[in-house]
Amino acid sequence: MADAQEIHIREANEGDREAIRKVLEDAYGQYQEVLPPEGWDQYKENIIASVDSSKPIARIIALIDDEVVGSSQLFQSSEAAYGAPELEIESPILRLLAVSPSARGKGIATALIKENVRRAAELGAATLHLHTSDMMESAVKLYERLGFERAYDKDIQKGEILVKSYRLQIQTAAIL
């Protein structure tokens, strides 16, 4: 049996920005066909702009053979993550989890989520939140398998799309 490629997780640095943009564009590009053109343009613009934002408290990347194949961002609150203090999420939020389509199925998303959970625990947080939608069906299945539960009171309505909130109880999370 061939050796599995080792996944390395680390904090992103300035030199990783273009690689992160590419991973985000490649990973989220699959939703271009699902969203209306104006919705897709806005969504893509927001995703790409996130690479240069100062709001995340962590930018975490996954590498295989020194190539960036995944990324995620961790935010302190709903205000920092979405400019939405009214959601009243005052614990870390995982956003923009992305894995290059060519690297999927290797445990990269799980490794990135695990690192975000570890960092949230280090911050003393009781929960880690994230938001997703039905168009991200495989991601939803992963989140639920890892122990995230629906947090209906933190959902966001974006036009016709319900952006569903999920919460992981860090102290009882099996992922750690």
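Let's start with helix α2, residues 37-49, in this predicted model.

Now look at which side chains of α2 point inward. Trp-40, Ile-47 and Ile-48 are buried. They cover an arc of only 90° around the axis, so they sit on the same side of α2. What covers them? The cover includes α1, residues 17-28, and β4, residues 93-99. Turn to the face of α2 that looks away from this buried side, and you find the exposed residues Glu-38 and Glu-45.

Leu-96 lies in strand β4, and its phi is positive, about 50°, although Leu-96 is not a glycine. Is Leu-96 buried or exposed? Its relative accessibility is 9%, and buried means under 20%, so Leu-96 counts as buried.

Asp-66 also has a positive phi, near 65°, and is a residue other than glycine. You will find Asp-66 in the loop between β2, residues 58-64, and β3, residues 67-75. Its relative accessible area is 74%; the cut-off for exposed is over 50%, so Asp-66 is exposed.

Last stop: Ser-165, in strand β8, which runs over residues 161-169. Ser-165 has a relative accessible area of 0%, so Ser-165 is buried. Which residues is Ser-165 in contact with, leaving aside neighbours within four places in sequence? They are His-129, Leu-130, His-131, Glu-149, Arg-150, Ala-151, Lys-154 and Asp-155. Do find them on the structure above. Thanks, everyone!

How values were computed: Residues are numbered from 1 along each chain as its sequence is written. This is a predicted model: local features need pLDDT of at least 70, side-chain atom pairs count only at pLDDT 80 or more; totals for chains, interfaces and linings use all residues. Side-chain values use heavy atoms; hydrogens and water are left out. Helices (H or I, at least four residues) and strands (E, at least two) are DSSP runs, numbered from the N terminus. Buried means under 20% relative accessible area, exposed over 50%, partly exposed in between (1.4 Å probe, protein chains only). Contact means heavy atoms within 4.5 Å. The expected span of a helix is 1.5 Å times one less than its number of residues. The arc is that of the directions from the helix axis to the C-beta atoms.
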